[in-house]
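Please take a look at the structure below. The report that follows walks through it part by part.

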Amino acid sequence: GTSSAAVKYIAHYCAKRRWALMRETMIWFFLWQLLCFGVAAVGVLVFLKPLATFYFKDPNATSVMLWLLLLGLFAVVHHFFVTTFQGFKAVKESALTLFFLSCLVLSFSYLFIWFGWGADAPAAGYAVATGVVLVLCGVMLYRLHPDFFKKMPNLRLSTLSRLLHFGFKVTAGIIGGMIFSYIDVVTLTYWRPLVDVGLLGVATTISSLIRYIPRGLAYVVFPLSAELHALHDDRLAGGVKRIHRYLLVILVPIAVATIAFAHVILNMFFPTSYAEASSVLRMLAIAQILGATALMNSYVLLGIGKPKAYALMHGVGAGLNIILDIMLVPTYGLWGIGIANIVAQCAMTIVSIMSMRRYLPGSIPWCSWIKTAIAGMLFFAVLHLLRDTFTNVILQVGVPLAVASMLYVATLFALRVLRFHELKRIVQNVFAKNNPSITS
């Protein structure tokens, strides 16, 4: 939870131009992460040989664990840099480091496999790649905030206390999110055949792709909302409202297309036996639309300093998902998983909207959501009518999507959900080359 706390307070102190407090928060965050890793690392080192002998049942596992411990140390430093970049709203720097890390991991892993390192190769590849990327991260941080390396601020326990106080509340929400993510597999594995677990894995993999767009937006919205809230800027509610409007406009056709062509998608990427996952895939696609709204609201709530609301939202979702899974999975299997997810995500969305109405009035675009839902139903109707017109798979998917998309966009413009001047301004902002220093 301290990662979220660090992002919130770094953005907050940047907005207030309180550079000493910002540096102090960064250093305390790093030391806390290092302490947590150190405790775990000492435990692994103490029981290194017993773990290799009795748990992994292979004495050679000690070298793999040592490489992974080195990776863990480098990962703590890398996580510090990435979290700091997010607090600075330096999206380009964060994305570049993660991209280079992926490329280097692949390269070093193949190189070490070629050297004949065996099981050590991927572990060493990750560790060495992360160590190399740390140099790039240090250069980027120096460019963003040169004074960080020049002045050592006084470390006060009150700053650490503030960080942990916020972080522990977030941790409760993170635990709820983890339960929400894994309880479906746990209950399905216990009560149903393993074939159903495999079908759920396929459906979850495809449906989770819908969340990449809101996750990317949330990465930026979190520190931005913290900054605007610190400055008491009235544009925050309007900006969140606009993001919600356009987010649903983008996600509805993706989810509806997944629902309409679930069989085609599964047959395209997986063997025909996985087509049975189409029903749960459709339900998970619906749940993902609701989840996208809850996800965006949760990061805005963190940005404006409401971790209790964040924890409550995830607690309600996790609790409902556990209860419904236990009630439905033994009898209905995958259908029970789908229903439980829809109900739990709907509950999370309702709780998050109630919190947003309380803490950030005027940030929910009810009218635009209703109009987008109408356009989405027209989109689905066109897909349903035209999808069986052609026998060729490409035409069966391509033609209905093209026709339905044109009707969808035209409907949104007619209902004034989309506006030309807003779209033009958004495009200009996206492709703007201005990238000022965090201290400017």
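Which residues of α11 are buried? They are A262, V264, I265 and L266, in a helix that spans residues 262-269. Keep in mind that this is a predicted model.

Now look at α8, where A203 lies. A203 has a relative accessible area of 0%, so it is buried. Setting aside residues up to four places away in sequence, A203 touches A277, V280, L281 and L284. L48 is another matter. A203 and L48 are 155 residues apart in sequence, and their C-alpha atoms are 38 Å apart in space.

## Two nonpolar cores

The largest nonpolar core has 43 residues. Which of them have the most contacts inside it? They are M356, L360, F379, L383, Y408 and L412. Several helices each supply at least two residues of this core: α9 (212-230), α10 (235-260), α12 (278-303), α14 (334-359), α15 (366-386) and α16 (393-414). Helix α10 gives the most, with 14 residues.

Take L360 as an example. Not counting residues up to four places away in sequence, L360 touches L236, A237, V240, V300 and S355. Another core lies apart from the largest one. That other core has 41 residues, including A5, Y9, M22 and V170.

## Helices α2 and α4

Two packed helices are described by the angle between their axes and the distance between the axes. Start with α2 (residues 19-46) and α4 (residues 61-87). Their axes come within 10 Å and cross at roughly 165°. Why does this pair count as roughly antiparallel? The angle is roughly 165°, and angles over 145 degrees count as roughly antiparallel. That makes α2 roughly antiparallel to α4. The crossing of α2 and α4 is right-handed.

On the α2 side, the contact is made by M26, F29, F30, Q33, L34, F37, A41, V44 and L45. On the α4 side, L66, L69, G72, L73, V76, V77, H79, F80, T83 and T84 take part. What kinds of residue are these? In the contact of α2 with α4, 14 are nonpolar, five are polar and none is charged.

A40 also belongs to helix α2. At 45% relative accessibility, A40 counts as partly exposed. Between A40 and G72 there are 9.9 Å in space, C-alpha to C-alpha, and the two are 32 residues apart in sequence.

## Helices α9 and α12

Next comes a second pair. The axes of α9 and α12 come within 7 Å and cross at roughly 25°. That makes α9 roughly parallel to α12, because angles under 35 degrees count as roughly parallel. This crossing of α9 and α12 is right-handed.

Which residues make the contact? From α9 come P214, R215, L217, A218, V221, F222, S225, A226 and H229. From α12 come A292, L295, M296, Y299, V300, L302 and G303. Sorted by class, the contact of α9 with α12 has twelve nonpolar, three polar and one charged residues.

## A buried threonine

T130 sits in helix α6 (residues 120-144). Is T130 buried or exposed? Its relative accessibility is 3%, so T130 counts as buried. What does T130 touch? Leaving aside neighbours within four places in sequence, T130 is in contact with L71, F74, A75, H78 and L101.

## Two arginines with positive phi

R17 lies in the loop between α1 (2-16) and α2. Phi of R17 is near 60°, a positive value in a residue other than glycine. R17 is partly exposed, with a relative accessible area of 48%.

R416 is found in the loop between α16 and α17 (420-430). Phi of R416 is positive too, near 65°, and R416 is a residue other than glycine. Where does R416 fall on the scale of exposure? With a relative accessibility of 53%, R416 counts as exposed. The cut-off matters here: exposed means over 50%, and partly exposed lies between that and the 20% limit for buried.

Definitions and conventions. Residues numbered from 1 in each chain as written. Predicted model: local features only at pLDDT ≥ 70, side-chain atom pairs only at ≥ 80, totals over all residues. Heavy atoms only, no water. Axes fitted to C-alpha atoms, helices over the stretch in contact; angles between N-to-C directions. Helix = DSSP H or I, 4+ residues; strand = E, 2+ residues; numbered from the N terminus. Parallel < 35°, antiparallel > 145°, perpendicular 65-115°, else oblique. Left-handed = near helix turned anticlockwise from the far one by under 90°. Contact = heavy atoms within 4.5 Å. Nonpolar A, V, L, I, M, F, W, Y, C, P; charged D, E, K, R; others polar. Core = buried A, V, L, I, M, F, W, Y, C linked by side-chain atoms within 4.5 Å. Buried < 20%, exposed > 50% of the residue type's maximum accessible area, 1.4 Å probe, protein only.
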